[in-house]
Each structure stands twice: as structure tokens, then as C-alpha cells.
Amino acid sequence: MNYFLFFLFFTSIAILRVSHSNEILIESQELVITNKPLTTTFIGNVYAYDEEIKLWSDKIVILYTESDNQIDQIKTFGNTKLINDNQEIISENITYFVIDKKIHAKGKITLTQDKNIMRGNELNVDLAKSTSIMKSNENSKVTVKIDNNE
């Protein structure tokens, strides 16, 4: 039992390094922790939040580096919604590459900021370079709605 509590504590501390907040809470119907490779999986109506962000998904998987057990990737699967201030991302799947500071989203994506809306099927964001690329599949186009009202 103490081993299990150690991993829960370790997971919580590691997640804090990604967040700018002092505390993060993750709720789910099931928690699975594996050692080789070290992963933490939250399954079923997952809700993670802190002072800055709110994240919902069917499943969240946290992958760690083998060398020093730092968070390498945070992956969400199914019905993912991320809210930060006045920005919202809705997508089927999102992967955050923590070390590389990159985000990749795939599926039916909707980005909303204030009343501005962008839709597409694939999103790549490089946080270090402050660049983002939205793509669509061959059957659709990227759409953007810009609201000029103050």
C-alpha cells in the first residue's frame, strides 16, 4: 500500500512541474500506474484542473522519461476539452510534449478565443517558437470566424 501511495505522490509532484499552479487535482473513475515504462493512466470522465486550466477527457495518459522520470508527454484520448482563461480547445486527442514544449491535436478541432472560432482536423503548436499550424483533411477546409465587435 505504501508503494502505491508513493506513486500517487510522485505523479502529483511531477504534474505540478508542468503547471504554473501550486496544486492540481485530477479526478477519474479509474487510475492505472505501470512501472516499465513508467506511466500513469486516468480513465473514465477525467477532469483535471488547477488555478489556470481545466481539462476534460475520456482518458489521460502521462508518460515519463526513462532516465530521470520527468514528465515527457501528456496524452488525452476522446472528447478532450481544454479551457484556459478565454481560450478553449475541443478535440478528439491532444498530445503535449512537455520537454519539447509542443502540442499536437488531431480529430475534429475547434479553437475558440473570445468570440473568434477556428476549426480544422490537425493542430501543431510550438510553444517555444510561438507558432501554430492548423490543417484540414482532404475533404474539408480550415475555417475561421473573426468577430470584429468590441
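Colleague: Is tryptophan 56 buried, partly exposed or exposed?

Modeller: A caution comes before the answer: this is a predicted model, in which local features need pLDDT of at least 70 and side-chain atom pairs count only at pLDDT 80 or more, while totals for chains, interfaces and linings use all residues. Residues are numbered from 1 along each chain as its sequence is written, and side-chain values use heavy atoms, with hydrogens and water left out. Tryptophan 56 counts as partly exposed because its relative accessibility is 29%, given that buried means under 20% relative accessible area, exposed over 50% and partly exposed in between (1.4 Å probe, protein chains only).

Colleague: How many aromatic pairs does a search of the whole structure find?

Modeller: Two aromatic rings are described by the distance of their centres and the angle of their planes. Rings of Phe, Tyr and Trp (its six-membered ring) pair if their centres lie within 6.5 Å, and planes under 30 degrees apart count as stacked, over 60 as edge-to-face and the rest as tilted. The search finds two pairs. Tyrosine 47 and tyrosine 49 are stacked, at 4.6 Å centre to centre with 25 degrees between the planes; tyrosine 47 and tryptophan 56 have centres 5.0 Å apart and planes at 20 degrees, so this pair is stacked. Ring pairs thus link Tyr47, Tyr49 and Trp56 into a cluster, in which tyrosine 47 is buried at 18% and tyrosine 49 partly exposed at 27%.

Colleague: Which residue lies over the face of tryptophan 56?

Modeller: A charge sits over a ring if NZ of Lys or CZ of Arg is within 6 Å of the ring centre and within 35 degrees of the ring normal. Lysine 81 lies over the face of tryptophan 56, at 5.5 Å from the ring centre.
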